[in-house]
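Colleague: Please take one part of this model and go through it closely, residue by residue where that helps. After that, tell me briefly how the rest of the chain looks.

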Amino acid sequence: MSIEDLPMDIISNLPIGLIGEIHSHLPWKEVVKTSILSKKWRSIWYSHPIIWLDETDFGADYTNYSSTDKPRRDAFFTHMMELLEIRERNSELDYSVNKLFLRMTLEYDPSAEHLVNKWISFALEKKVRMICLGLKKINRTPYYLRGIAFSGTELVGLTISDCHITNCSFNLPALKLLFLFAVCIKDHDFKDLIAACPRIEKLRVLDTRELHTIVVSNPHLKFFGGNLSCSNGKIRIESAEFDSLEFSFTKYVCKVEITSATTVRELTVGNANNQEALMHLINKFPLLEKLIIHDCSRLQNLHISQPNLASLVLMDCTVVQLIRLTTPKLKSLEYKGQHTNFEGIEDLEELEFVLLYLEPVDMDTYWWYKWIRDILKSCARSKHLSVICNSQKVIIIPEYLKHLVSITDMEHLELEIKTLDATFKEVTDELISILPDLKTLSLTLGSTTKYFQIRIDEDGDLSAEEEVHNPKPNRRVSILRSMISKQIGE
């Protein structure tokens, strides 16, 4: 039974502490809906531990300023004032604040800036645990976040975007997560901020302005993600516990120094157009276990050779000629990009999971089918093979190419095709023609699954007979869009 189904007198007479406990387990927007239940509930929701102030909830567009949004922003500003007045009143409902989310565009109004500062101070006084600020001016210039004393013994997470941070004081002994996005901050202000966070574990700095140097020597830092949008920038991480790095290349040269390179186990690299710089960064970390490379172009004969690498992801990359893998411990491979050749996959004895996003380009050509055949044969050792083709076009294997695509030694297969207008017989006939050694098949079309035993009929031809039990496949293939369809002639 939901709250709305309870008799009104029971709802109204629930203890204040119990109502507060119910609110603490509900999302902010759901809490607002409970205000219609009774006057008591309406007064209590104002003390919800999550304070969510977002001008987009009033219909304003935060990403693109428009003067037509002024009435909506005025209504949002009024809401902010009224809610703060209610929460500041002395009452029995004096709950702490877990999170403050504030996102708005400010006009040239000192009262608006004063209100923002009051909300931040109020949340800090209430021992807030997480603050997320997104503040900008109407001309898309950063909001000056200045002179604020960020002092919170309970604050563990701080996210600031679109602001100019200057002349603020910081005392954040419990802070573990800091995210700065599109902020304007100078080196000395950043240095003071980091020094005030002795227990920081996760730091992300993206698309900043006026910041040239990032030096973090906090001993508990485990993750850093970001970039520097300036020439001759420098990032230096000094932490014995550091194990994960995300770095995005920009048009500017940036020097990256990790003093404890042998502790890094995960690396994510993006937007690299210079293969030499990319490989120089990757090879700094000899004990990588997970490597993600995304949105990189102009790569050629890419060679990945980390001996401990267990997971490799190549997403939206252009690699000319081939990708060579000498990673004996690789268990998971994910690839999305233009057609390229893989070398060394067949030697990966521990490979278990392969996910391939096929580009729906030239699907009717000889070379496309040959490439699929080579990829499938290379992945013969994997236990789970997922093939995704983001195209509604049906892939048809012509009769004269059956010998080219045919794959031997696959006896048990589990295949899932989520969007395909075909019958079970059409698909099983197609599979039998390219998998001559197939013995059992688990086939899912849409939401229906059937199991088949492959037998030889009286004429010596292979046929699929439906079974009532579930065979045990040694190969699982998921195909999320049109991948196999009925056979047509040449």
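Modeller: What follows is a close look at helix α5 and then some notes on the rest of the chain.

This is a predicted model, in which local features need a pLDDT of at least 70 and side-chain atom pairs count only at pLDDT 80 or more, while totals for chains, interfaces and linings use all residues. Residues are numbered from 1 along each chain as its sequence is written, and side-chain values use heavy atoms, with hydrogens and water left out.

Helix α5 covers residues 70-88, which is 19 residues. Helices (H or I, at least four residues) and strands (E, at least two) are DSSP runs numbered from the N terminus. From first C-alpha to last, α5 reaches 27 Å, close to the expected 27 Å; the expected span is 1.5 Å times one less than the number of residues.

The buried residues of α5 are R73, F76, F77, M80, L83, L84 and R87. Buried means under 20% relative accessible area, exposed means over 50%, and partly exposed lies in between (1.4 Å probe, protein chains only). Down the axis of α5 these buried residues fall within an arc of 135 degrees, so they line one face of the helix. The arc is taken over the directions from the helix axis to the C-beta atoms. Strands β1 (50-54) and β2 (99-106) and helix α6 (110-125) are among the elements that cover the buried residues of α5.

R72 also belongs to α5, but R72 is partly exposed, at 36% relative accessibility. The side chain of R72 makes a polar contact with the side chain of D69, at 2.8 Å. A polar contact is a pair of N or O atoms within 3.5 Å; within protein, one must be able to donate a hydrogen and the other to accept it, and residues adjacent in sequence count only if both atoms are side-chain atoms. Leaving aside residues up to four places away in sequence, R72 touches F58, G59 and A60, where contact means heavy atoms within 4.5 Å. R72 and D57 are 15 residues apart along the chain, and their C-alpha atoms are separated by 9.4 Å.

Helix α6, one of the elements over α5, has 16 residues and reaches 22 Å between its end C-alpha atoms, close to the 22 Å expected. Its buried residues are A112, L115, V116, W119, I120, F122, A123 and L124. These pack against β1, α5, β2, β3 (130-137), β4 (143-146) and β5 (149-151). Just after α6, K127 takes a positive phi of about 60 degrees.

Most residues other than glycine have a negative phi. Further along, D207 has a positive phi of about 55 degrees although it is not a glycine. D207 sits in the loop between β10 (202-206) and β11 (213-216) and is partly exposed, at 37%. R298 likewise is not a glycine and has a positive phi of about 60 degrees. R298 is in the loop between β17 (290-294) and β18 (299-304), and R298 counts as exposed, at 66%.

Now the cysteines. The structure holds 0 disulfides, a disulfide being a pair of cysteine sulfur atoms within 2.5 Å. The sulfur of C168 is 9.3 Å from the closest cysteine sulfur, in C163, too far for a bond. C254 is in no disulfide either, and the nearest cysteine sulfur, that of C230, is 6.9 Å away. C168 is buried at 13% relative accessible area, and C254 is buried at 17%.

S161, in strand β6 (residues 157-161), is buried at 14%. Beyond four places in sequence, S161 touches L133, G134, L135, F181 and V183.

For the whole protein, the secondary structure comes to 11 helices and 29 strands. Of the 490 residues, 46% are buried. Among contacts between residues at least 6 apart in sequence, 46% join residues at least 24 apart.

As for confidence, the average pLDDT is 81, and 77% of the residues score at least 70; pLDDT is the predictor's confidence in each residue, from 0 to 100. Over residues 479-490 pLDDT stays under 50, and for that stretch the model has 47 contacts beyond four places in sequence.
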